[in-house]
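Reader: I have a structure to study and some questions about it. Can we go through them one at a time?

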Amino acid sequence: MVTHLLRWISKLSDGLDRLARGVVVILLAAMSVILIAQVFFRYVLQHSLPWSEEIARYLFVWASMLGAGIALRLRFHPGLTLLVDHLPGRWRALVGVLANGLVLVLLLVVAREGFLIARMNAWQRSPAVGIPMMYPYAAVWVGALVMAVHALRFLVHELASLAGTRA
């Protein structure tokens, strides 16, 4: 049962990771093109693009939130593991369950609150482009949900380790 769940959540986590990486590449490329165009228009053509800074900011927020999910999946976020590294295997797994469980709860709270804030701001329009502010705000809850899937994967892995199941 645990190995089946671990296999399923691992596939989901890996799929979301691949999707996030592709989307981040596209977002960063679009942001770069927009900013280069803005510099060209401002300094060469002496005509500024009024929407470029706003769109680049929203693309950056989305890339940052999805990038945080990628970093979590790769375990690139900083952590203090000096004491945990010296614990025996079972105790290390217990600390992993506790840490990943707390991270999962925090991410689910962030996702819920981010969704509520996005929904609350759905009527508001961005100043330069006029898109609903729900879309830029959605980066918070989408990114938190992606990270929650990765945290759930780590949690299930630690639980499998505690149960003595090969993960």
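Reader: Which residues join their side chains to that of Arg153 by a polar contact of 3.3 Å?

Author: This is a predicted model. In it, a polar contact of 3.3 Å joins the side chains of Arg153 and Ser10. The Arg153 side chain also makes a polar contact, again listed at 3.3 Å, with the side chain of another serine. The two partners are Ser10 and Ser13.

Reader: Is Arg153 buried or exposed?

Author: Arg153 sits in helix H4. Its relative accessibility is 15%. Buried means under 20%. Because 15% falls under that cut-off, Arg153 counts as buried.

Reader: Leaving aside neighbours within four places in sequence, which residues is Arg153 in contact with?

Author: Leave out the neighbours within four places in sequence. The list then includes Ser10 and Ser13, the serines that also make the polar contacts.

Reader: What does Val142 count as, by its relative accessibility?

Author: Val142 is in helix H4 too. Its relative accessibility is 22%. Buried means under 20% and exposed means over 50%. Since 22% lies in between, Val142 counts as partly exposed.

Reader: Which residues does Val142 touch, leaving aside neighbours within four places in sequence?

Author: Neighbours within four places in sequence are set aside.

Reader: Leaving aside neighbours within four places in sequence, which residues is Leu104 in contact with?

Author: Leu104 is among the core residues with the most contacts inside the core. Set aside its neighbours within four places in sequence. What remains is Ala148, Ala151, Leu152 and Leu155.

Reader: Which helix gives the largest share of the lining of the largest pocket?

Author: The largest pocket holds about 540 Å³ of space. It is lined by 19 residues, and the closest to its centre are Arg75, Gly79, Thr81, Ala99 and Asn100. Helices H3 (89-120) and H4 (134-163) each give two or more residues to the lining. The largest share, six residues, comes from H3.

Definitions and conventions
Residues numbered from 1 in each chain as written. Predicted model: local features only at pLDDT ≥ 70, side-chain atom pairs only at ≥ 80, totals over all residues. Heavy atoms only, no water. 1 Å grid on protein atoms, 1.4 Å probe; cavity = no way out; pocket = protein on both sides within 12 Å on 5 of 7 lines; lining within 4 Å. Points joined across faces, edges and corners; volume = space filled by probe spheres on them. Helix = DSSP H or I, 4+ residues; strand = E, 2+ residues; numbered from the N terminus. Core = buried A, V, L, I, M, F, W, Y, C linked by side-chain atoms within 4.5 Å. Buried < 20%, exposed > 50% of the residue type's maximum accessible area, 1.4 Å probe, protein only. Contact = heavy atoms within 4.5 Å. Polar contact = N/O pair within 3.5 Å; in protein donor to acceptor, adjacent residues only side chain to side chain.
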